[in-house]
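Take a look at the chain below. Keep the sequence and the 3D view side by side as you read.

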Amino acid sequence: MSAGHGPSRGQGHSHGHAHGPHTHRGRLALAFAVTAAIFVAEVFGAILTGSLALLVDAAHMLTDVLGLGIALIAAALMARPPSGRRTWGWLRAEVLAAGAQATILLVVGAYALYEGVRRLWAPPEISAGGLLLFGVIGLVGNLLSMAVLASSRDANLNMRAAFLEVVNDALGSVAVIVSALVIALTGWARADAVAGLLIAALILPRAVIILRESGSILLETAPPGLDLAEVRAHLLGLPHVVGVHDLHASTVATGLPTLTAHVVLEDECFTDGHALEILEHLQECVASHFPVNVLHSTFQLETAAHRDREPPTHG
C-alpha cells in the first residue's frame with residue numbers, strides 16, 4: 001500500500017504547483033526593459049569615456065539582461081500545468097535559470113578581476129564627467145528595477161537571483177559614481193580600476209551562493225533543516241511502525257520539499273483496517289515536526305514479509 005499527496009484531504013491534484021509565478025512576469029518584464037536600456041547607455045558611455053568600471057558594469061548589465069530574460073522565460077514555464085511526461089510541470093525551470101545566471105556572473109566577475117589588476121599597473125585616460133553621467137543613469141535605472149522586484153524577491157530562487165543581480169548593478173553604479181568623483185577631484189585614474197575590482201568583489205560571492213543552492217536542488221540534496229535521521233526516529237516512534245527504509249527527501253522547487261519512505265507496519269494493521277489511520281499519523285508527524293508539506297509526503301506501507309522480499313537498497 002502506498003499513499004501520499006492527493007485528494008484525501010480535499011486538496012485535489014493541483015499540488016499548488018503554480019506557486020503564483022505568473023504574478024511575477026509583469027515585474028520581470030519591466031525590470032528587463034529598464035535593464036536593457038541601461039545596458040545600451042553604459043556600452044555607449046564605456047566607449048566614450050574608456051572606463052573599466054563602466055565597461056565591467058555594462059558587461060554585468062549584459063548578464064542581467066540575459067539573466068532577467070532567462071528569469072522571464074522561466075516564470076512563464078513555471079506557470080505551465082503538469083503533464084503525463086512532466087509530472088511536476090516546469091517548476092525546476094527556476095533552478096536552471098538561477099544556475100545559468102550565476103554561471104554568467106562568475107565569468108564576468110573573473111574578467112573584472114583580471115582587467116582591474118592589469119589597469120592598476122597601467123591606468124588609461126578616463127573622462128570623469130562622462131563617467132559620472134552614465135553612473136547616475138545606471139543608478140537611477142537600477143533603483144527603479146529594485147523597486148519593481150523588491151516585493152517578489154523571496155517568491156522563489158529565480159526571483160531572488162534576478163533581484164540580487166539588480167542590487168549588484170546598483171552597487172556597481174555607486175562604485176562608478178564614486179570613482180568618477182575621485183578622478184574629477186584628485187586626478188587619480190586608478191580609482192576606475194579599483195571600482196572595477198570592487199564590482200567584481202560584489203559579483204563573485206553572490207554568484208557562488210546561488211550556484212551552490214541551485215546545484216544542491218538539482219542534486220536532490222535533502223532540504224535545509226530536514227534531518228533524515230530525525231525523521232526516521234519520529235516515524236519509528238509511532239505505534240505499530242516496526243521499520244522505515246528507502247527514506248528520501250529533496251526539493252522540487254522553491255517552497256516545494258518532498259519526502260518518500262517505505263514504512264513497515266505490524267501484520268495485524270492490514271487485517272483490522274487501521275493502516276489508513278496510521279498513514280494519517282505518518283503524514284501529520286512529518287508535517288508538524290519538519291519543513292515538509294503534508295500533501296507532498298508519500299509513504300508505502302508494507303509488511304515485514306514484503307520488505308524482506310525487496311532487493312537491498314540504500315536509505
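The paragraphs below go from the whole chain to single residues.

This is a predicted model. Start with the overall plan. The chain has 9 helices and 4 strands. Read from the N terminus, the elements run β-α-α-α-α-α-α-α-β-β-α-β-α. The chain has 315 residues, and 46% of them are buried. Now consider contacts between residues at least 6 apart in sequence. Of these, 76% join residues at least 24 apart. The chain exposes about 14400 Å². Carbon and sulfur atoms supply 66% of that area.

Next, pick out helix H6. The helix covers residues 190-218. Does its length agree with what its residue count predicts, or disagree? H6 has 29 residues, and at 1.5 Å a residue they should span 42 Å. The C-alpha atoms at its ends are 42 Å apart, so the two values agree. Just after H6 comes glutamate 220, with a positive phi of about 60°.

Now turn to charged side chains. How many salt bridges does a search of the whole structure find? The search finds 3. Glu115, Arg118, Arg119 and Asp192 are linked in a network of these bridges.

Begin with glutamate 115 and arginine 118. Their closest N and O atoms are 2.6 Å apart, and the two form a salt bridge. Both sit in helix H3, which covers residues 93-121. They are 3 residues apart, so about one helical turn separates them. An α-helix has 3.6 residues a turn, so residues three or four places apart point the same way. Glutamate 115 is buried, because its relative accessibility is 7% and the cut-off for buried is under 20%. Arginine 118 is partly exposed, with a relative accessible area of 41%.

Glutamate 115 and arginine 119 are both buried.

Move on to aromatic rings. A pair of aromatic rings is described by the distance of the centres and the angle of the planes. The structure has 1 aromatic pair. Phenylalanine 44 and phenylalanine 134 have ring centres 6.2 Å apart, and their planes meet at 75°, so the pair is edge-to-face. The cut-off for that label is over 60 degrees. This pair also links distant parts of the chain. Phenylalanine 44 belongs to helix H1 (residues 25-49), and phenylalanine 134 belongs to helix H4 (residues 128-149). They are 90 residues apart. Phenylalanine 134 is buried, with a relative accessible area of 9%.

What about cysteines? A disulfide is a covalent bond between the sulfur atoms of two cysteines. How many disulfides does the structure hold? The count is 0. Cysteine 269 is buried, with a relative accessible area of 1%. Cysteine 285 also counts as buried, at 7% relative accessibility.

Histidine 274 touches His240, Glu268 and Cys269, leaving out residues up to four places away in sequence, by the rule applied here. Histidine 274 lies in the loop between strand S3 (256-265) and helix H8 (275-289). At 16% relative accessibility, histidine 274 counts as buried.

Finish with backbone angles. Histidine 240 is not a glycine, yet its phi is positive, at about 75°. Where is histidine 240 placed? Its place is the loop between helix H7 (228-236) and strand S2 (241-253). Histidine 240 is partly exposed, with a relative accessible area of 31%. Aspartate 246 is another residue other than glycine with a positive phi, near 50°. Aspartate 246 is found in strand S2. This aspartate counts as buried, at 12% relative accessibility.

Conventions
Residues numbered from 1 in each chain as written. Predicted model: local features only at pLDDT ≥ 70, side-chain atom pairs only at ≥ 80, totals over all residues. Heavy atoms only, no water. Helix = DSSP H or I, 4+ residues; strand = E, 2+ residues; numbered from the N terminus. Buried < 20%, exposed > 50% of the residue type's maximum accessible area, 1.4 Å probe, protein only. Contact = heavy atoms within 4.5 Å. Salt bridge = Lys/Arg side-chain N within 4 Å of Asp/Glu carboxyl O. Disulfide = S-S within 2.5 Å. Phe/Tyr/Trp six-rings, centres within 6.5 Å; stacked < 30°, edge-to-face > 60°. Expected span 1.5 Å × (residues − 1). Areas by Shrake-Rupley, 256 points an atom, 1.4 Å probe, with all protein chains shown as cover.
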